[in-house]
Amino acid sequence: MHLEILRFSDLAPALVHAWDRLAAGRGMHADLYSSHAWLAAWVRAMGAEVADALRIPAVLGPDQPVALLPLVARSPRRWEWAGKGGSRMRYRPVLAAEQPPAEALGLLVEGIARAGVDDLALHRVPARDPATEGLVAGLRQAGFHTSRRRTSSDCLAVVEGGWEEHRRRLAGYERQVKRLVKRLRPLWEVTVDEYGPATGAPVLEGFEAYVDIYHRSWKRPMSPPMHTLEREFVRRTASLGWPRVFVLRLDGQPAAAEVWFRLGQVVTCFGTAYDQRMAALGPGSIVAWWAQERLFAEAVPGLVDHLPGYGPQKDQLGPDRSPIVEVEAARRTVVSGVTFPVRRQVRYVAPRVAGRVRRRVGRLGRQAAAARWRRAGPARAVEIAPGPRPLP
């Protein structure tokens, strides 16, 4: 094994394909965010500046990569997780084995240290992944102070015994869905269309149906960069057989949709949307359950991943919780260990303060313009005689 720090433009097609295989091959720790496909979609959405700032410590074996850690250089001495601005829910090293090899993690850290990095921030790291402990241990051995704090929680359902056992475990949710469907069926035909490899229906067509419902949902409209990122991710992974889109229809009218990904033993719910006008009918709850039933019928997963976060539906469908943490590391100095709270304030609070200042300045500017307008004197009415070309 040997270490290289790669740039995004250095990634050869063979390495890209191997990278995606690693993301899907980590057993119960397979993660769509660990794929090259997600990173490339993020770069496409964020632009060339992000691509230029990417630094990818990579431990390479004779036949394939062994470990990768895509980072962004905010300055020569401060690197952080790659994914800011892309709604990335989790971050972890990309590894060739479910159990992380200590030597590979040590080489990753060695590469970061040799590059002269003094300040490293890894956001939204899953505590359940043994790679997290291995990476923290490697940073400490390399002479870094480390800090770790909980920021969120994974939302998972570990599968034991197939669909029947999964149903029994989540029996309350299934009863809720059955009540909803029982009310709807006398009034409308209730169907689910699946887009993806199991049906042959183009998954991008299903994704656009999901986006259309998304814009009619309770969520804010999807921004152009987010639409670019998600569509590009679906497009890139379609050839890998990962994405599936499920669209619930009431008498043919799209009511709710979910985007799922299957990576090895893990199925992940990437996004949910329902038409807000139909909220009282519970279409989001129905499609969430029927999508899982379809996924289990295709092949029983080992883990159902609803992505980190909280909410009534997540709390019901993801009973297995484990912490999501933020890891910070700084070169060992007399004061480095006590400066983590200040670093945190600068890194995460300062942008919010800057946003408030911009809004305040904008508001003051508008007030000043209004004052100038008021000082301009009273408005005068001018009568325009009718003619062939009146003023608008």
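**Pocket and cavities**

Mentor: Start with the largest pocket. In this predicted model, its lining counts 35 residues, and Trp-218, Lys-219, Gly-271, Thr-272 and Lys-314 are the ones nearest its centre. Several elements each give two or more residues to that lining: helix 7 (171-184), helix 8 (203-214), helix 9 (224-238), strand 13 (266-274), helix 10 and helix 11 (312-317). The volume of the largest pocket is about 850 Å³. By class, its lining holds 19 nonpolar, twelve polar and four charged residues.

Take helix 10 next, as one of the elements that line this pocket. Helix 10 covers residues 283-298, 16 residues in total. At 1.5 Å a residue it should span 22 Å, and its end C-alpha atoms lie 23 Å apart, so the two values agree. Twelve of its 16 residues are buried, so the rest of the structure largely encloses helix 10. The cut-off for buried is under 20% relative accessible area.

The largest cavity has a volume of about 40 Å³. Its lining is made of Met-28, Ala-30, Asp-31, Arg-90, Arg-92, Arg-128, Leu-156, Val-266, Leu-303 and Asp-305. Sorted by class, that gives five nonpolar residues, five charged residues and no polar ones.

The second largest cavity holds about 30 Å³ of space. Leu-122, Val-125, Thr-132, Leu-135, Val-136, Leu-139 and Val-327 line it. Strand 7 (119-126) and helix 5 (130-141) are the elements that give two or more residues to this lining. Helix 5 provides the largest share, four residues. The class count for the second largest cavity is six nonpolar, one polar and no charged residues.

One loop residue is also worth a look. Ser-87 sits in the loop between strand 5 (78-81) and strand 6 (94-95). Ser-87 is partly exposed, and its relative accessible area is 44%. Leaving out residues up to four places away in sequence, Ser-87 touches Tyr-33, Arg-124 and Met-226. Ser-87 and Trp-42 are 45 residues apart along the chain, and their C-alpha atoms are separated by 9.6 Å.

The chain has 392 residues, and 51% of them count as buried. It has twelve helices and 15 strands. Take the contacts between residues at least 6 apart in sequence: 75% of them join residues at least 24 apart.

Last, confidence. The chain averages a pLDDT of 89, and 85% of the residues score at least 70. Over residues 388-392 the pLDDT is below 50, and beyond near neighbours in sequence this stretch has one contact in the model. Where pLDDT is low, predicted coordinates should not be read in detail.

Technical notes
Residues are numbered from 1 along each chain as its sequence is written. This is a predicted model: local features need pLDDT of at least 70, side-chain atom pairs count only at pLDDT 80 or more; totals for chains, interfaces and linings use all residues. Side-chain values use heavy atoms; hydrogens and water are left out. On a 1 Å grid over the protein atoms alone, a cavity is a set of points where a 1.4 Å probe fits but cannot get out, and a pocket is an open set with protein on both sides within 12 Å along at least five of seven lines; lining residues have an atom within 4 Å of a point. Grid points are joined across faces, edges and corners, and a volume is the space filled by probe spheres set on the points. Ala, Val, Leu, Ile, Met, Phe, Trp, Tyr, Cys and Pro count as nonpolar, Asp, Glu, Lys and Arg as charged, and the others, Gly among them, as polar. The expected span of a helix is 1.5 Å times one less than its number of residues. Buried means under 20% relative accessible area, exposed over 50%, partly exposed in between (1.4 Å probe, protein chains only). pLDDT is the predictor's confidence in each residue, from 0 to 100. Contact means heavy atoms within 4.5 Å.
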